[in-house]
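Have the coordinates open as you read.

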Amino acid sequence: MNWKDHISSDPNIMLGKPVIKGTRIPVDLILAKMGNGESVNELLEEYPHLVAEQIYAALTYASEFIQGEVSYQNAS
């Protein structure tokens, strides 16, 4: 999946946060809701103008974004 088909960032929309194209729904909102247990179907019910592919694009975007991030483990 090419997330670029579904995600955009424009400084004039949501202060440049990545959003689902054609909406003001930020990617981080989708990720937070899914992280709190909401399913794709629940998101589609809550935002009926979205399609599942857009939600999966948000997940793909996030995955690619953090691939290069450094992770530090807590010292125990």
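1. Met1, Tyr56 and Leu59 make a nonpolar surface patch of about 280 Å². Methionine 1 sits in the segment before β1 (7-8). Bear in mind that this is a predicted model.

2. You'll find methionine 14 in the loop between β1 and β2 (19-20). The residue is partly exposed, at 28% relative accessible area.

3. Leucine 15 also has a positive phi, near 55°, in a residue other than glycine. It lies in the loop between β1 and β2, and with 83% relative accessibility it counts as exposed.

4. On to charges: the structure holds three salt bridges. One of them pairs lysine 17 with aspartate 28, with the closest N and O atoms 3.1 Å apart. Lysine 17 is in the loop between β1 and β2 and aspartate 28 is in helix α1 (residues 27-35), so this pair ties together parts 11 residues apart in sequence. Lysine 17 is partly exposed at 36%, and aspartate 28 is partly exposed at 40%.

5. What is the N to O distance between glutamate 46 and lysine 33 in their salt bridge? That comes out at 2.9 Å. The pair links distant parts of the chain, with glutamate 46 in helix α2 (residues 40-46) and lysine 33 in helix α1, 13 residues apart. Salt bridges with shared partners join Lys33, Glu38 and Glu46 into one network.

6. Lysine 33 is buried, because its relative accessible area is 17% and the cut-off is under 20%. Glutamate 38 counts as partly exposed at 23%, and glutamate 46 is partly exposed at 38%.

Definitions and conventions
Residues are numbered from 1 along each chain as its sequence is written. This is a predicted model: local features need pLDDT of at least 70, side-chain atom pairs count only at pLDDT 80 or more; totals for chains, interfaces and linings use all residues. Side-chain values use heavy atoms; hydrogens and water are left out. Patches are made of residues with over 30% relative accessible area and no salt bridge: like charges are joined within 9 Å, nonpolar side chains (Val, Leu, Ile, Met, Phe, Trp, Tyr) within 5 Å. Accessible areas come from the Shrake-Rupley method with a 1.4 Å probe; for residues, only the protein chains shown count as cover. A salt bridge is a side-chain nitrogen of Lys or Arg within 4 Å of a carboxyl oxygen of Asp or Glu. Helices (H or I, at least four residues) and strands (E, at least two) are DSSP runs, numbered from the N terminus. Buried means under 20% relative accessible area, exposed over 50%, partly exposed in between (1.4 Å probe, protein chains only).
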